[in-house]
Amino acid sequence: MLALRNIKKYYTVGGTTTKALDGVSVSFRRQEFVAILGASGSGKTTLLNVIGGLDNYDSGDMIIDGKSTKDFKDGDWDAYRNNSIGFVFQSYNLISHLGIIENVELGMTLSGVSKEKKRQHATAALERVGLAEHMHKKPNQLSGGQMQRVAIARALANDPDILLCDEPTGALDTETSLQIMKLIKELSKEKLVIMVTHNPELAYDYANRIIEFSDGKITNDSNPYTEEIHDAKFKLKRTKMSFFTALKLSFNNLRTKKGRTLLTAFASSIGIISIGIVLSLSNGFQKQIDKTQTETLSKFPITISQITTDQTINQKNALGSDKGSYSNKKEITPKQSEQDKAQHVNHINQEYIDYIKKINPSLTNSIGYSRTVAMNILGDVNGDIKPISFSNATPNSGGSMESAMSSMTGIGISSFPTKLNNDSKDFLKENYNVIAGEYPTSATDIVLIVDRQNATNINALKNIGLNVKENEPLPFDDIVGKEFKLISNNTYYQKIPTGNFIPNTDYQKMYDNTGNTTIRVSGILRVKSSSSMNLLSPGFAYSNELTAKIVDENEQSDIVKAQRDSNKNVMNNESLDAQAKDNLLAYLGGTSIPSSILIYPNNFSDKEQILTYLDKYNKGKDKEDRILYTDLAGTMTQLTGGLMDAITYVLIAFAGISLVTSMIMIGIITYTSVLERTKEIGVLKALGARKKDITRVFDAETCILGIASGSLGVFIAYATTFPINSLLYKLTDLKNVAQLNPKHALILVIISTILTMIGGHIPARIAAKKDAAIALRAE
Ligand SMILES: Nc1ncnc2c1ncn2[C@@H]1O[C@H](COP(=O)(O)OP(=O)(O)OP(=O)(O)O)[C@@H](O)[C@H]1O
C-alpha cells in the first residue's frame, strides 16, 4: 500500500543541519493502526508531513500502490492529498468562519463534487463521528472533543485510503481522548491509520503496530511488514476549485469581519468618490457649455468663401516660430509667411454649386450665396439725387476689412438667404421680428436690422444719405418705405472716346430713367434670440436674390464685355493680374458664381452631416482643387471642449493618486489577511488545494472588496452631487450641474475592482507560495 525507501529530509538553518528524517525505510499495510512514538523533535511530524505530501523529501522514494512519487509534480501532490489522505491535527485546525458542515465539505469542494453529493457525504461523515445533531453549529460553539470529531469527519469525507493523525488527543482530557481513540480504532479497520503520539499507553492500548522513532530514524517496529511491489494501479483525480467557490469562501470570511470590511471598503472608495465627483462635475459643465453653445452657435453658417485659411497646415516650422535652437549658419533662409502658406483659394465653380444644391434639404433651411457685385444705387437726399450704398463702411472710405472677414466667417454679413423651397423655414422669419413695416415680399425689398435696443450702425444710415448724429433718435417712418433706384451698368457707365468707361455724373437723368429698378425698405427687423445674434450685422440687409438679379442684369453689359476682353482696368487702364481681373469682373456683375456660400444648418448634428457631405467632395481631389470650408462654430466648440477635457484630466490625475493609495492599502490589508489566515492556507493545502486555488481565494476576497468599495464610492459620489448642485445653484444659478453618467459609474466600479485585485494579487501569490508544512506549524 505505502512504502518508504531510505527517505531523508534535512533542514539547514543558520549553518546547522537538522536531520529530521535520516534514511527512513518502512512499509504499511492497507489496513492497520500504526502508532509512532518518539521524543520531541525526533521527526515524527516531518514523517507524517512527508507521507501526507505536505512536505517534500530530499532523497529516497515513497511508493504508493506501486507508483513511485519521485517524479510527482505539484499538481500530483495536490491531487494525492485530496484523494488519498485525510489529516487530523492536534489543534483541530477547523476554519472558524465556515460552519461545521462547510468545514467537512471543504475537501470535496476542492475536488468539485456536486452540491447534493457533498451534503450527503458530509452528513454521513458527521453521523459516523456522532455529531449529527450539531451539524448546523459553528466550530467555536463546540467542545474540544467535538471539534476533533469534526476534524475527523472532514478527514473522512473524501473517503481517503490513509488517515494521518498528529497527536489527535494532545489537547483533550483523558475521557474524551479515549472516545476519540475508539473512533480512530474503528476507522483503522478499513483504512491505514498512522498516528503520532506522545502517549505510549494509548498507543499500546489501541494500535496494532508501534514504531519507535529517534533522531530521524526508526529504532523499533513492533510489527514490520515488507510489501512486494506490484504494477502501479494508482490513479489520481485532479482537484479543481471554481472561482465561484473561492468567492463564497471569501465572502464568508469577510462576513465575519463586517466592521473591518466596511471600513476598508470606505477608505479605498475615497479615490473613486473623488473621481466620480470630478467626472460628474465636468460632465455637467460640459453639458452646460454644449447647451449654451448650441443656443448661440448652432445657427452659425458653414462658410465657403473664395479665399480661406487651411487649418490643416503644419505650423511647426513656420516663419517667426519661436521653437528650436538658434542657427549658426552664415546665411538666411527665405520662407513664406504662415498666413500666406495657410491661404487657400477655393475655385468655386458651377459644378460645386450644383453639388451644394444637392445637400439633403432636411439638414438645412437656407443656403446663402453672397456676391461682391457693386450696386449702382441712387437716392433722393432732400431733393438732391446722389449715389448711396447699403454698406456699413465709413462714408467715402471704400471697402472695409470687416466685410472681408465676415465673408469668411459668415458672421455679420448683410445679405440673407432666400427660402430653399416652400417646405423650408424662412430665414428672416425664423430669426427676426418685425418692429416696423413688414418682412420683404420681393427680391427688391431690403430691411434694416437693429439690435435688442433698436440700435443700428450709424454708417448704414449715413450711407443712404440721412443726416444723423450718434444717439440721436430717428423715427421708424424716416426709414420704412424709403425708396431708391437701382441703375443698370449700361446706364451708369458711359464709354468715352478713349475706349474707357467712366460713371455718369448726371444723377438726376439716370434717376429718372424708366428702366431702373426700385428698391424699397420694407421694414425694420430685430433679433429674436441670442442664437440669431450677429448673423446679420446691424445695418441694411438685402436678399441673395437681389444680388443675383443685379448680376443677371449686368452680365452682358458693355462695361463687363469690355472688361472681359481686356487685361487692363477699363476705367483707369491699370494692369490687372488674373485674380484682380476676376475680382473686378465680379464687382461689375460679370460673374454668376457667388463669392461665398453660407450653409445654415438646423442644428449641430445636422451640421456634422453637412460637413461629411462637403468633405466627400474633396475626396481624391488635388490640393488646389479642394474646396475648404470654415466652420466657426465648430472651431469654437473644439476650443472650449478641449479646455474642459484638459481640466478634467488634471483633476482626474489628482484624484487618481488617492486611487493608487487605496490600492496600496488594499495590498497591505490583503497581506495582513494572508498572515491571519496562514493556518487556513495550511488546512486548504492539506485538503488538496492547489496554489492556484489559494491565489483564487485571496483574489476573490479583493474582488469582493473592489466591487464593494467601487459601488460604495459611486454611491457616495452620486449622493454628493445633490448638495453640490444645490450649492452651485445658489452660487451660479446653474441647475443640476453635477450629473454622474451611469456609464462612468460602471467604469469606475470596474476600475476599482481591477485596481484592488492588482493590489491584492501580490499578497495572494505570497499566500499561495506558503509552505503547507510551515503554515500548519504557525500559531
Ligand atoms: N521548517 C523547518 N525548518 C527547520 N527545521 C525544522 C523545520 N521543521 C522541523 N524542523 C526540525 O526538524 C526536527 C523534527 O521536527 P518534527 O516537528 O518532525 O519533530 P516531532 O518529533 O514531531 O516533535 P514534536 O513531538 O515535539 O512535535 C526538529 O528538530 C525541528 O526543529
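Reply: Strand β3 and strand β8 (residues 192–197) run parallel and are joined by 6 bridges. Strands are DSSP runs of E with at least two residues, helices are runs of H or I with at least four, and both are numbered from the N terminus. Two strands pair if DSSP finds at least two bridges between them. This is a predicted model, in which local features need pLDDT of at least 70 and side-chain atom pairs count only at pLDDT 80 or more, while totals for chains, interfaces and linings use all residues. Residues are numbered from 1 along each chain as its sequence is written.

Me: Which residue of β8 is the bridge partner of V34?

Reply: The partner in β8 is I194. In β9, V34 has R209 as its bridge partner. Strand β9 (residues 209–214) pairs with β3 in the parallel sense, over 5 bridges.

Me: What is the order of the strands in the open sheet?

Reply: The 6 strands follow the order β6-β7-β8-β3-β9-β10, with mixed pairing. β6 (85–88) and β10 (217–221) are the edge strands, each pairing on one side only. From one strand to the next, the twist averages 20 degrees.

Me: Which strands does α1 touch as it packs on the sheet?

Reply: Contact requires C-beta atoms, placed from the backbone, within 7 Å. Axes are lines fitted to C-alpha atoms, for helices over the stretch in contact, and angles run from 0 to 180 degrees between N-to-C directions. α1 touches β3, β7 (162–166), β8 and β9, and its direction makes about 155 degrees with that of β8. Helix α6 (residues 174–187) also packs on the sheet, touching β3, β7 and β8, at about 150 degrees to the direction of β8.

Me: Which residues come nearest to the ligand?

Reply: A residue is near a molecule if its C-beta atom, placed from the backbone, lies within 6 Å of it. Of the 13 residues around the ligand, Y11, A20, S40, T45 and T46 come nearest. α1 supplies the largest share of this shell, 3 residues.

How values were computed. Two residues are in contact if their C-beta atoms, placed from the backbone, lie within 7 Å.
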